[in-house]
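Welcome! Take a moment to look over the structure shown here, and then we will walk through it together.

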Amino acid sequence: MKFRIENMTCGGCARSVTATIKDLDENATVSIDVATKLVDVESTASESEIVAALTEDGFPPVAA
């Protein structure tokens, strides 16, 4: 799954996004490029679960 998170602006934001996804699936693989605001996720959690969790934590994603 690929997402774009417009308000992810720094390494701290990236760590928060990663932690949110890992809370859903501790074995998830998360790759983040802060410069382009892109997040690539491999997870057993569904896309809707990830979107809901990120939105709740203040990082609403859009499909990339």
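In what order do the strands of the open sheet lie?

## About the model

This is a predicted model, in which local features need pLDDT of at least 70, side-chain atom pairs count only at pLDDT 80 or more, and totals for chains, interfaces and linings use all residues. Residues are numbered from 1 along each chain as its sequence is written, and side-chain values use heavy atoms, with hydrogens and water left out.

## The sheet

The order is S2-S3-S1-S4, an open sheet of 4 strands with antiparallel pairing. Its edge strands are S2 and strand S4 (62-63), each pairing on one side only. Strands here are DSSP runs of E with at least two residues, and helices are runs of H or I with at least four, numbered from the N terminus; two strands pair if DSSP finds at least two bridges between them.

Strand S1 (residues 2-4) joins S3 through 3 bridges in the antiparallel sense. Opposite Lys 2 you will find Asp 40 in S3.

## Helix H1 and its two sides

Now to helix H1, which covers residues 11-24 and has 14 residues. Which of its residues are buried (under 20% relative accessible area with a 1.4 Å probe, protein chains only; exposed is over 50%, partly exposed in between)? They are Cys 13, Ala 14, Val 17, Thr 20 and Ile 21. Seen down the axis of H1, these buried residues fall within an arc of 125° (taken from the directions from the helix axis to the C-beta atoms), so they line one face of the helix. On the other side of H1, Arg 15 and Asp 23 are exposed.

The cover over the buried residues of H1 includes strand S2 (29-33), strand S3 (38-42) and helix H2 (47-56), with contact meaning heavy atoms within 4.5 Å.

Notes. Expected span 1.5 Å × (residues − 1).
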